[in-house]
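Q: I am new to this structure and would like to take a close look at a single part of it. Please set that part within the whole before turning to the details.

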Amino acid sequence: MNISMNPNSELIQSIVNVPNLVQVPDPLLKQAYQFQEAMMMYTCAIRELKTKLEVLNDELSVRNSRNPIEMIKSRVKKPVSIVEKLQRRGLPVSLESMMENLDDVAGIRVICSFLDDIYAVAEMLTRQDDVQIIAIKDYIRHPKNNGYRSYHMIVEIPVFFSDQKKMMRVEVQIRTIAMDFWASLDHQLKYKKEVENYSEEISAELRDCADVIANTDERMLNIRKKIEAQGIAITNKDH
């Protein structure tokens with residue numbers, strides 16, 4: 001008797017994605033295996049933290065009929081960037097130096113719908129008893145000189161491996177869709193090879209754009225609050 005399995009069954013859908021091995025930079029070749037293992041650990045730390053954020057988002061979507069998190073992006077810093085950052089800071093280029101001095105090897109970016117969602121997500125993450133807050137930088141209330149806005153957290157979370165529990169650091173950036181739009185374009189412009197430095201005129205225009213975007217975020221939040229004050233629920237729906 002032939003039994004056809006449901007293509008949507010959990011057995012078929014549950015696929016484990018193993019982290020890809022990263023290229024080991026020349027200065028760390030003597031520690032090649034340990035470096036690959038460390039990159040795997042950072043990847044697992046991202047996976048752990050993403051799960052926490054997804055659980056919080058699911059809970060709030062049921063409680064408030066609205067998802068505060070629009071998107072979660074993640075990355076492990078490229079080996080060449082790790083080496084360049086250590087050298088730029090005048091630090092030894094070694095595995096120990098990387099893990100001790102760099103807080104952003106593993107990074108997660110959380111894109112929220114509204115300004116108050118940023119602080120709600122950050123607070124909920126802070127309340128989890130296995131998440132240790134190392135540092136917080138609020139570039140929303142205190143923007144950088146170029147206009148950059150985002151909420152940054154350095155956190156440590158436990159990751160359980162076959163023979164040990166390892167506390168791993170992850171940088172979390174939480175921002176609105178508008179902030180992410182500005183930061184992405186600013187990054188593209190800044191790293192154009194033919195542009196050595198921004199001119200004062202371009203810098204001023206970018207700051208103006210950042211201010212306009214910040215004002216738009218405030219207005220959108222106020223509009224949402226006015227709608228909610230009338231007893232109308234704001235929901236996320238697929239179009």
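How many of the residues of the protein count as buried, and what can be said about the place of Gly 107?

A: In this predicted model, 38% of the 239 residues of the protein count as buried. The accessible surface of the protein comes to about 15400 Å², and carbon and sulfur atoms account for 51% of that surface. The secondary structure is made up of seven helices and five strands, which follow one another along the sequence in the pattern α-α-β-α-α-β-α-β-β-β-α-α.

Gly 107 belongs to strand β2, which covers residues 106-112. Because its relative accessibility is 8%, and buried means under 20%, Gly 107 counts as buried. Leaving aside residues up to four places away in sequence, Gly 107 touches Ile 46, Lys 73, Ser 74, Arg 75, Val 170 and Glu 171. For the protein as a whole, among contacts between residues at least 6 apart in sequence, 65% join residues at least 24 apart.

Arg 88 lies in helix α3, which spans residues 79-88, and together with Arg 89, Lys 137 and Lys 144 it forms a positive surface patch.

Definitions and conventions:
Residues are numbered from 1 along each chain as its sequence is written. This is a predicted model: local features need pLDDT of at least 70, side-chain atom pairs count only at pLDDT 80 or more; totals for chains, interfaces and linings use all residues. Side-chain values use heavy atoms; hydrogens and water are left out. Patches are made of residues with over 30% relative accessible area and no salt bridge: like charges are joined within 9 Å, nonpolar side chains (Val, Leu, Ile, Met, Phe, Trp, Tyr) within 5 Å. Accessible areas come from the Shrake-Rupley method with a 1.4 Å probe; for residues, only the protein chains shown count as cover. A salt bridge is a side-chain nitrogen of Lys or Arg within 4 Å of a carboxyl oxygen of Asp or Glu. Lys and Arg count as positive and Asp and Glu as negative; His and the chain ends are not counted. The place of a charge is taken as NZ of Lys, CZ of Arg, CG of Asp or CD of Glu. Helices (H or I, at least four residues) and strands (E, at least two) are DSSP runs, numbered from the N terminus. Buried means under 20% relative accessible area, exposed over 50%, partly exposed in between (1.4 Å probe, protein chains only). Contact means heavy atoms within 4.5 Å.
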